[in-house]
Number of protein chains: 2
Amino acid sequence: MKIRLIEVAGSLYGGAMLNNIRIVMVNTSHPGNIGAAARAMKNMGLQSLYLVEPKVFPSAEATSRASGADDLLAQAVVCETLDEALVDCTLVVGASARLRSIAWPQLDPRECAAKSIAASSNGAVALVFGREHSGLTNAELSRCHYLVNIPTNPDYPSLNIAAAIQVIAYELRMAIRGDAALAKPDSDEESLATMGEVEQFYAHLEAVMVESEFLDPAKPKFLMHRLRRLYNRARLEKQELNILRGILTAVQKRR
Amino acid sequence: MKIRLIEVAGSLYGGAMLNNIRIVMVNTSHPGNIGAAARAMKNMGLQSLYLVEPKVFPSAEATSRASGADDLLAQAVVCETLDEALVDCTLVVGASARLRSIAWPQLDPRECAAKSIAASSNGAVALVFGREHSGLTNAELSRCHYLVNIPTNPDYPSLNIAAAIQVIAYELRMAIRGDAALAKPDSDEESLATMGEVEQFYAHLEAVMVESEFLDPAKPKFLMHRLRRLYNRARLEKQELNILRGILTAVQKRR
C-alpha cells in the first residue's frame, strides 16, 4: 500500500508530500546561507523552513541570496529551541559531516530521501542542519532518529550548509519523480526513419563513394559496414536522413 | 577487463577517474559563483576547473567563497573560447535548465554521472555550465553530446550555478562510491575522436556543403546544428571520422 502511494507520488502527490518535509537550520551564523538555503529548497519544491536561534534574521543579505525564494523567508518559523521546531514531527534526521563517538543509524542522502518521503504521508518530517563550523551538538543529535551523511572527498569534507541542503533537497526531488521519468526515450520515436528509408540512404551514399572513387567496388573492404554501424548507432530521424540525402544529391549535381 | 577495472574504482581509482572530469564555466558573471563552484567541486573530489571568458577573474570574492578550495582557483584554466576548453575531450555534457526547440539527448544528473565516470577511464570529460541568466547558446549546446537537466520545481526551476555544480558533482561522488560497476561504457571509449578532431570534420563538411551549393552561407538556418546533433549523438570513433573525412576529400577532388 505504501509502495503504491510512492509510485504515484511523482504524478499526483509529489508536491503535497514535500510540503510535509521541513528544513531546520540551527544557530546559523551567516544570513547569506539562510537565503541560499531558501533558494535551494524552493528550486526542489520544499517550502517549510524553521530557523532555531539564527544569529541574524531577517536580513537583507538573506533576501538577496534567496533570489526569488524570499516568500520562504517570509514564512520561515523562528524558534528558540530545537525541540520547538520538532514538536509535531514523526521523523527527524540530522545532518552530520563527521563520524560520531556514539554510533547512530546512518543514512546516505538517497536513503534519507526514501525514508523521508515514505514518512511524510503520515506525519511531519524534519531534516536538521547544524552550525556552519561545529554542526549539531550531541544533545541535538540525540533528538534524531537517523543521521544523514553526504559522501565527500575525505581530504576536504566540509560542505557549505546551503550546498548540503541543496544535495539533500535534490534527492527528495529525485525520489518523487516517479520511475516514468527514467523511461524517457533519447529522441522522439515517431520521427525516426524507417529501415526502408535508411537502406535507400545507404545505397545513395555507396553510389556517391563509388562515383568519387573513394570506394572501389572491386575491393569494398568493410567500408559500408563501418558506415552502417555509425548511422545505425545514431538511429537516424526522418529529417536528418533528408538532410544527408540532400547533401549527396547536391554533390552529384555539381560534378 | 574493463568491467573489472570499473568495479574496483570506488575503492582504489575513484579519485583518478574524477581527475579526468573537468567543470567548464562559460562567461560567468559573478566571481562569488566561481568560488562557490570550486568549493563544491573540491568537496566532491573534483579538481579541474576551466573558465571560458569569466567576467571577473581572479577575484577576492571568488577566493573568499572558495573557502579552503582556493588551490582549485589557482590551477583554473582560463580560455578565450569554449572550443579551447573542449579540444582534448571525448565526452561533453552541457547543463540545461529549459527544454530546447531542437531536441538533444537528455540525461538526469545520475545518468550523467554514470556516463561521465565510464568515459573518464579513457579520455577527458567536460561538464559545461552556461551563464547565470541565459545558460548556454545554441552554438555552445551544439558542441555537447548530451544535455543534463536537474529535476526541479516547475514553478521555480532556476538553480544557482554553484548549486547546480554541487548537485552534479555529488552524483559523481555517489557514482564512484562502490556501485560504479553500473557505469559500463557505451562503446569502446579508447577509440573515440576528440572534440578538436570532430570540429575539423564539421568545418570540412560545411565547406563541401557550401561548395556544392547545398548550404547557402547567407541563410545557414539550422543545418549545421542538426548535423552536429546527429554526429554528436553517435559519438564518432577516430576511424569513422577518418572515413567521413576521406569521403569529403574524394568528393572535392573529383569536382
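**Helix packing and chain contact**

A: Glu197(A), Val198(A), Phe201(A), His204(A), Leu205(A), Val208(A) and Glu211(A) of helix 9 of chain A meet residues of helix 11 of chain A. On the helix 11 side, the partners are Lys238(A), Leu241(A), Leu244(A), Arg245(A), Leu248(A), Val251(A) and Gln252(A). Bear in mind that this is a predicted model.

Q: What classes do the residues of that contact of helix 9 with helix 11 of chain A divide into?
A: There are 8 nonpolar, 2 polar and 4 charged residues.

Q: At what angle do helix 9 and helix 11 of chain A pack?
A: About 25 degrees, with the axes 10 Å apart. Angles under 35 degrees count as roughly parallel, so helix 9 of chain A is roughly parallel to helix 11 of chain A.

Q: Left-handed or right-handed crossing?
A: Helix 9 of chain A passes helix 11 of chain A in a left-handed crossing.

Q: Now chain B. How do helix 10 and helix 12 pack there?
A: Helix 10 of chain B covers residues 195–211, and packs against helix 12 of chain B at about 25 degrees. Their axes are 10 Å apart. That makes the two helices roughly parallel. The crossing of helix 10 of chain B past helix 12 of chain B is left-handed.

Q: Which residues of helix 10 and helix 12 of chain B meet?
A: From helix 10, they include Phe201(B), His204(B) and Leu205(B). From helix 12, Leu244(B), Arg245(B) and Leu248(B) are among them. By class, this contact has 8 nonpolar, 2 polar and 3 charged residues.

Q: Switching to the contact between the chains. How many residues does it take from chain A and chain B?
A: It takes 45 residues from chain B and 45 residues from chain A. On chain B, helix 3, helix 9, helix 11 and helix 12 each supply at least two residues of the side touching chain A.

Q: Which helix of chain B gives the most?
A: Helix 12 of chain B, with 8 residues. The side of chain B that touches chain A has 25 nonpolar, 10 polar and 10 charged residues.

Q: Last topic: Leu73(A). Where is it found?
A: In helix 4 of chain A, residues 70–75.

Q: Is Leu73(A) buried or exposed, and why?
A: Leu73(A) is buried, because 22 other C-beta atoms lie within 10 Å. The cut-off for buried is 20 or more.

Q: What does Leu73(A) touch beyond residues up to four places away in sequence?
A: Gly35(A), Ala38(A), Pro58(A), Ala62(A), Thr63(A) and Ala66(A).

Q: And how are Leu73(A) and Lys115(A) separated?
A: Their C-alpha atoms are separated by 26 Å, and the two are 42 residues apart along the chain.

Key: Residues are numbered from 1 along each chain as its sequence is written. Chains are lettered from A and ligands numbered from 1 in the order in which they are written. This is a predicted model: local features need pLDDT of at least 70, side-chain atom pairs count only at pLDDT 80 or more; totals for chains, interfaces and linings use all residues. Two residues are in contact if their C-beta atoms, placed from the backbone, lie within 7 Å. Helices (H or I, at least four residues) and strands (E, at least two) are DSSP runs, numbered from the N terminus. Ala, Val, Leu, Ile, Met, Phe, Trp, Tyr, Cys and Pro count as nonpolar, Asp, Glu, Lys and Arg as charged, and the others, Gly among them, as polar. A residue is buried if 20 or more other C-beta atoms lie within 10 Å of its own, exposed if 12 or fewer, and partly exposed in between; C-beta atoms are placed from the backbone. Axes are lines fitted to C-alpha atoms, for helices over the stretch in contact, and angles run from 0 to 180 degrees between N-to-C directions. Angles under 35 degrees count as roughly parallel, over 145 as roughly antiparallel, 65 to 115 as roughly perpendicular and the rest as oblique. A crossing is left-handed if the near helix is turned anticlockwise from the far one by less than a right angle, and right-handed if clockwise.
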